[in-house]
Amino acid sequence: MENNQLQKNLGLGAALSTLIGGVIGSGVFFKPQAIYTTTGGAPGLGMLGWVVAALITIAAGLTVAELAVVIPKTGGMMMYIEEVYGKKIGFLSGWVQALLFYPGMIAALAVIFSEQFAVLSGMAALKVPLAIVLILLVAFLNSMGSKSGSIIQNISTICKLAVLVGLIILGFVLGEGNNTVITPMAGEGVNVASAFGQILLAIFFAFDGWMNVTALAGEMKNPGKDLPKAIVGGISVVAAVYLIINVSYLWVAPASELANSVSPASLVATRILGPAGAKVIGVGIMVSVFGATNAYLFTGSRVLYALAQSKHLPLSEKIGSLNKNQSPAFALLVLSLIAAVYALSGQFNLLTDLAMFSVWIFIVLSFLAVIKLRKTQPNLERSYKVPLYPIMPIVATASGLFVLVSQLFNAPLLACGSIAIMLLGLPVYSIYEKKLSK
């Protein structure tokens with residue numbers, strides 16, 4: 001008889017590489033342009049933003065790690081929400097992730113990958129087809145089993161870190177270091193408070209993906225011990241890489257130039273290595289984005305698989321089943337097909353904005369869940385507790401609310417569209433709830 005339970009064969013290394021590989025995607029290569037455009041070409045506020053965003057993300061990771069230990073189930077955030085707020089809210093959390101967040105982010109990354117390929121090869125006509133092929137290829141590779149997916153993740157994570165470390169070293173060694181890194185804080189006429197809010201939003205995108213690793217808890221050999229280490233350790237590694245590489249960028253080119261470059265990393269590579277350098281970094285970006293695409297498909301399929309276990313989806317039996325490799329192959333197929341449809345738009349920023357808003361509603365609820373569980377179940381065994389409680393959860397919650405309010409004001413149509421798709425989950429839940437109660 002087929003075993004329909006995911007195998008517990010993932011360790012700390014797989015969790016770390018999934019987090020690092022999922023977070024380090026395109027943001028570190030492209031976001032400096034948006035940041036330094038917002039600061040008016042001044043470096044100080046941008047560098048402060050990287051530090052503050054890193055600290056906030058670490059606070060968020062330390063907070064969610066407690067939930068990951070208390071509720072170590074496949075599905076991650078969806079399972080936390082269900083456990084603390086009930087099945088209906090838990091379903092909506094999984095619905096948003098399966099229909100919007102994961103496929104939207106996968107599609108956005110595939111679009112960036114294909115755009116980089118088009119720049120390097122000059123084959124612009126292949127952009128959309130290549131994005132779709134990439135999504136389906138990664139889904140197929142992951143259908144070979146969780147070990148296969150984690151091996152791909154390990155290799156791509158090592159490659160992308162090697163590219164970033166190489167860029168850092170070359171930047172410091174070959175860069176002249178004549179540009180200011182901290183001053184001035186902002187250019188003339190820039191509203192510091194408003195600009196800092198926009199900068200944090202841009203940087204939070206670069207840090208997005210750290211929570212995805214919690215979806216793997218059910219496949220980890222020792223989630224109570226290893227998952228908090230993976231979350232905190234992984235975020236710390238990413239934060240260090242981001243901070244150092246941004247100093248390296250400024251070591252080579254001033255913030256005013258980075259603000260005018262579509263790909264600041266390519267600008268820096270061209271400056272220190274010539275035109276060949278831009279091609280090298282272009283390949284590095286593709287490797288980085290490939291790894292991030294793999295991480296989102298790997299973790300997202302586990303969320304959809306867990307959601308199907310509730311029997312509140314069409315084709316729940318198939319989506320919630322495993323193939324002979326003990327992989328949620330049908331969930332991978334469904335997720336990749338939704339992502340492929342989104343990728344037809346070819347719009348990177350539109351896809352990421354649509355994906356981000358509604359999922360942050362549930363991320364904030366996850367932060368608050370730590371506080372709620374401490375009050376309702378104070379005697380619950382906790383092998384890990386968030387340090388400096390309740391300061392860490394409060395900082396994490398405040399940052400999440402900031403993201404939501406900022407997006408409501410800056411992109412109201414996208415925010416409302418995201419909420420509308422989220423609310424569509426309510427009638428779907430009700431229909432299948434009635435069927436199950438008969």
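Is W251 buried, partly exposed or exposed? In this predicted model, local features require a pLDDT of at least 70 and side-chain atom pairs count only at pLDDT 80 or more, while totals for chains, interfaces and linings use all residues. Residues are numbered from 1 along each chain as its sequence is written, and side-chain values use heavy atoms, with hydrogens and water left out.

A pair of aromatic rings is described by the distance of the centres and the angle of the planes. Rings of Phe, Tyr and Trp (its six-membered ring) are paired if their centres lie within 6.5 Å; planes under 30 degrees apart are stacked, over 60 edge-to-face, and the rest tilted. The whole structure contains 10 aromatic pairs. One of these, F172 with W251, is edge-to-face, with 5.5 Å from centre to centre and 70 degrees between the planes. This pair links distant parts of the chain, 79 residues apart: F172 belongs to helix α7 (residues 146-174) and W251 to helix α9 (residues 223-252). Helices are DSSP runs (H or I, at least four residues), numbered from the N terminus. W251 is partly exposed, at a relative accessible area of 29%, and F172 is partly exposed at 33%. Here, buried means under 20% relative accessible area, exposed over 50%, and partly exposed in between (1.4 Å probe, protein chains only).

The rings of F207 and Y242 have centres 5.0 Å apart and planes at 65 degrees, so this pair is edge-to-face. F207 lies in helix α8 (residues 192-207) and Y242 in helix α9, 35 residues apart. F207 is buried at 3% relative accessibility, and Y242 is buried at 0%. Together with W50, F207 and Y242 form one aromatic cluster.

Terms used:
Helices (H or I, at least four residues) and strands (E, at least two) are DSSP runs, numbered from the N terminus.
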